[in-house]
Amino acid sequence: SARGFTLFELLITLLILVLLLTIGVPSLSQQVKSTRTKAVAQELLQSVHQTRTLAVSRNQRATLRHKGSWEKGWQLFVDGNSNGDLDSDEEIITEWGEVRGVRIYTNTPLRDYVSFIGTGESRAAGRSDGGALQMGGLRVCTKEGEGYQLALSRGGRMRLYYLSMGLCTPFQKTSNTYWINH
């Protein structure tokens with residue numbers, strides 16, 4: 001004898017399913033945001049490492065410059081005239097596209113670009129053999145304020161730090177200096 005579900009059993013099953021979805025969907029959505037943010041931070045970190053490697057391997061300035069803003073993507077090129085801009089005679093080595101669902105904040109030294117000279121040191125554009133030290137940070141954040149900070153050191157190495165909920169915010173400005181807090 002075939003036995004089906006009663007209306008009561010069916011309603012209880014649907015209620016349990018709705019409760020499980022109500023609990024599970026927000027945490028899944030948060031997990032997707034967190035994973036997207038980490039992926040963008042890792043991609044940006046790898047881009048900076050690739051820029052430094054290119055500068056050292058060619059013993060020539062290499063620059064990673066955003067395309068209007070860091071969220072719109074960035075380009076890696078050998079900066080032949082050391083001006084920090086992609087000029088018509090300079091070839092794009094690698095290009096990254098627009099990122100969605102995250103905000104990228106910078107402090108003043110890394111507002112437009114990250115540039116390395118042949119020794120692997122990060123230096124502001126202007127001179128092929130040097131320039132002012134370019135130390136600073138980028139933050140890749142969710143709208144809720146969780147994310148990662150990429151901090152560029154004096155020697156040209158970039159490190160990645162996790163910023164818990166509420167700590168991933170724009171850099172604080174004190175006079176003409178933007179401070180990195182982590």
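**Figure 1. Val 48 and the residues that it touches.** Not counting residues up to four places away in sequence, Val 48 touches Leu 64, Val 114, Phe 116 and Met 158, where contact means heavy atoms within 4.5 Å. The model shown here and in the other views is predicted, so local features need pLDDT of at least 70 and side-chain atom pairs count only at pLDDT 80 or more, whereas totals for chains, interfaces and linings use all residues. Residues are numbered from 1 along each chain as its sequence is written, and side-chain values use heavy atoms, with hydrogens and water left out. Val 48 lies in helix H1, where helices (H or I, at least four residues) and strands (E, at least two) are DSSP runs numbered from the N terminus. Val 48 has a relative accessible area of 1% and is therefore buried; buried means under 20% relative accessible area, exposed means over 50%, and partly exposed is in between, with a 1.4 Å probe and protein chains only. The C-alpha atoms of Val 48 and Leu 10 are separated by 56 Å, and these two residues are 38 residues apart along the chain.

**Figure 2. A nonpolar patch on the surface.** Phe 5, Leu 7, Leu 10, Leu 11, Leu 14, Leu 17 and Leu 21 form this patch, and together they have about 760 Å² of accessible area. Such areas come from the Shrake-Rupley method with a 1.4 Å probe, and for residues only the protein chains shown count as cover. Patches are made of residues with over 30% relative accessible area and no salt bridge, with nonpolar side chains (Val, Leu, Ile, Met, Phe, Trp, Tyr) joined within 5 Å and like charges within 9 Å. Leu 7, one of the residues of the patch, lies in helix H1, which covers residues 7-58. With a relative accessible area of 64%, Leu 7 is exposed.

**Figure 3. Thr 37 and its contacts.** Thr 37 is also found in helix H1, and because its relative accessibility is 1%, this residue counts as buried. Leaving aside neighbours within four places in sequence, Thr 37 is in contact with Val 102, Val 140, Cys 141, Thr 142, Glu 146, Gly 147 and Tyr 148.

**Figure 4. Strand S6 and its two partners.** Strand S6 covers residues 136-141, and since 6 of its 6 residues are buried, S6 is largely enclosed by the rest of the structure. Both of its faces are covered, with Gly 136, Leu 138 and Val 140 buried on one side and Gly 137, Arg 139 and Cys 141 buried on the other. Strand S4 (residues 103-106) pairs with S6 in the antiparallel sense over 4 bridges, and two strands are said to pair if DSSP finds at least two bridges between them. Within this pairing, Tyr 105 stands opposite Arg 139 in S6. Strand S7 (residues 147-152) is joined to S6 by 6 bridges, and the two run antiparallel, with Gly 136 standing opposite Leu 152 in S7. S6 and S7 form a hairpin with 5 residues between them, and in the turn Gly 145 has a positive phi of about 95°.

**Figure 5. Aromatic rings that pair.** A search of the whole structure finds 3 aromatic pairs; rings of Phe, Tyr and Trp (its six-membered ring) pair if their centres lie within 6.5 Å, and planes under 30 degrees apart count as stacked, over 60 as edge-to-face and the rest as tilted. The rings of Tyr 148 and Tyr 162 have their centres 5.5 Å apart and their planes at 65°, so this pair is edge-to-face. Because Tyr 148 lies in strand S7 and Tyr 162 in strand S8 (residues 158-163), the pair ties together parts that are 14 residues apart in sequence. Tyr 148 counts as buried at 11% relative accessibility, whereas Tyr 162 is partly exposed with a relative accessible area of 45%. Elsewhere, ring pairs link Trp 70, Trp 74 and Trp 96 into a cluster.

**Figure 6. Salt bridges.** Side chains of opposite charge can pair when their charged atoms come close. The structure holds 6 salt bridges, each being a side-chain nitrogen of Lys or Arg within 4 Å of a carboxyl oxygen of Asp or Glu. Glu 144 forms one with Lys 33, and the closest N and O atoms are 2.9 Å apart. Glu 144 lies in the loop between S6 and S7 and Lys 33 in helix H1, so this pair ties together parts that are 111 residues apart in sequence. Glu 144 counts as partly exposed at 35% relative accessibility, and Lys 33 is partly exposed at 29%.
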